[in-house]
Amino acid sequence: MSIFRIIIISILCLPCSGFGQAQDSVEEKGSFAIYPALGYQPETSLQLGAVAVWVLKSTDLSQNEYHRQSSVTPYFLYTLKKQVLTEIIADIYFSSGLNLNISPRFYNFPDVYYGIGNSNDPDEFENYTNRYVQLEGQLFKPLNPRTFIGIAFDLQNNKLKDLQPDGRLITEDVNGVEGGSIFSLGPSFKYDSRDNALYPSRGYLINTQIRPVIFGDYAYTNFMFDFRKYLAIKSEKNILAFHFNLNFSSGKSIPFYKLPRLGGGTRLRGISNASLYRDRQAVFTQLEYRRHLFWRFGMVAFAGIGDVANSFEDYRFSEFKYVGGIGLRFAAIKGQKLNFRLDIGFASGGQNAFYVDMREAF
């Protein structure tokens, strides 16, 4: 199926699911909707399943003090590549000020390995299956209405199968080919001045975490710094969003599937596969213009730049990857700023990728 045909089908199906298949309910406790899920990403091909959206109403709608709007998004997807994706994305703000951001997931994921580094060929890869369960998240305690400290955690178990006997994963004895378990835990910091947690129009979000593996089959530490800025232009119908991210890993044994990456639905949309570029370090920045059109519809235009490297000294600006693209938005629940998104991105080197997903990229 050509990418243009997929775009047409998705545009037609997106509003149809919003009209006829969803069950919107707005009560004192919040808003709930369930949709049949039709998605697409280069790593999965066509996705079919169901997604639910639950936005919990805050007693403080202005989101002053410690409160933000809580949301829970569980989904189940089966793809044409015989992948099973089950995940619950929960961002919960308690009246005490505690914030729990947690994502339990189970993936049975036929995947591809391109190698490690920033110069892999999109046409040269090998297939394998990564089956894993993961519990990842952060728990924050407020110091004041905008500043939070807490812990970040990642508990994961991987089993790799369907490996090619003469493939690079086995012949090069790539770290992680045997699968295994890890539990990482470390400090986290967040500064959040956004006016809305689901669809910000102004404010900052700064998140930093350091997660060393405290036990498991591997030994490494992951450092992440994430900076986001939102700006309304004249009105909240026009929003400019800026995102900068650093993700570094250090240690003697890092499984290849835990190395920082580029690509996918949130990191430089347009790279042909989220497994194409991975290494010990990744850095990228992206800019997005968001515009409300009419009723529940909106659009975006985005651009970004970034790369991966083994060490900081290995970065070469001439080798950085560039992306750009446009997208369509559809509000999942009437009156709530939680969107289904349809994006098409283009990357340097003639790459392109198409995404149908839930929530904003950043």
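Modeller: Buried means under 20% relative accessible area, exposed means over 50%, and partly exposed is in between, with a 1.4 Å probe and protein chains only. Keep in mind that this is a predicted model, with local features needing pLDDT of at least 70, side-chain atom pairs counting only at pLDDT 80 or more, and totals for chains, interfaces and linings using all residues. Numbering runs from 1 along each chain as its sequence is written, and side-chain values use heavy atoms, without hydrogens or water.

Biologist: How much of the chain counts as buried?

Modeller: 55% of the chain's 362 residues.

Biologist: And what does the secondary structure come to?

Modeller: Two helices and 17 strands. Those are DSSP runs numbered from the N terminus: H or I over at least four residues for helices, E over at least two for strands.

Biologist: What share of the contacts joins residues at least 24 apart?

Modeller: 57%, taken among contacts between residues at least 6 apart in sequence. A contact here is heavy atoms within 4.5 Å.

Biologist: Switching to rings. How many aromatic pairs are there?

Modeller: A search of the whole structure turns up 18. Phe, Tyr and Trp rings (the six-membered one for Trp) pair if their centres lie within 6.5 Å; planes under 30 degrees apart are stacked, over 60 edge-to-face, and the rest tilted.

Biologist: Which class does Y107 with Y132 fall into, and why?

Modeller: Their ring centres are 5.3 Å apart and the planes sit at 50°, so that pair is tilted. Y107 belongs to strand β6 (residues 99-113) and Y132 to strand β7 (residues 126-142), so the pair ties together parts that are 25 residues apart in sequence.

Biologist: Is Y132 buried or exposed?

Modeller: Y132 is buried, at 14% relative accessibility. Another tilted pair is F317 with F320, at 5.5 Å centre to centre and 35° between the planes. There F317 is exposed at 56% relative accessibility, while F320 is buried at 16%.

Biologist: Which residues do ring pairs link into a cluster?

Modeller: Y113, Y128, F256 and Y257.

Biologist: OK, charged residues next. Where does R168 lie?

Modeller: R168 is in helix α2, which covers residues 168-171. At 34% relative accessibility, R168 is partly exposed.

Biologist: What is R168 in contact with?

Modeller: Skipping its neighbours within four places in sequence, R168 contacts Y113, Y114, G115, E126, D173 and V174. R168 and E126 are 42 residues apart in sequence, with 7.8 Å from C-alpha to C-alpha.

Biologist: And E288, buried or exposed?

Modeller: Buried, at 0% relative accessibility. E288 lies in strand β13. Its C-alpha is 6.6 Å from that of V300, twelve residues away in sequence.

Biologist: What else is E288 in contact with?

Modeller: Beyond neighbours within four places in sequence, E288 has contacts with I239, L240, A241, R269, V300, A301, F302, R329, E360 and F362.

Biologist: Backbone check: what is phi at K82?

Modeller: K82 isn't a glycine, yet its phi is positive, about 65°. Most residues other than glycine have a negative phi. K82 sits in the loop between β4 (70-79) and β5 (84-93), and it is exposed with a relative accessible area of 60%.

Biologist: What about phi at D173?

Modeller: Also positive, about 50°, and D173 is not a glycine either. The loop between α2 and β9 (180-192) holds D173, which is exposed at 58% relative accessible area. D173 is also one of the residues in contact with R168.

Biologist: Last topic. Which residues lie nearest the centre of the second largest pocket?

Modeller: Y199, H292, W295, K337 and N339, out of 22 lining residues. On a 1 Å grid over the protein atoms alone, a pocket is an open set of points where a 1.4 Å probe fits, with protein on both sides within 12 Å along at least five of seven lines; lining residues have an atom within 4 Å of a point.

Biologist: Which strand gives the most to that lining?

Modeller: β14, with four residues. Each of β12 (235-253), β13 (281-294), β14 (297-309) and β15 (321-331) supplies at least two residues of the lining.
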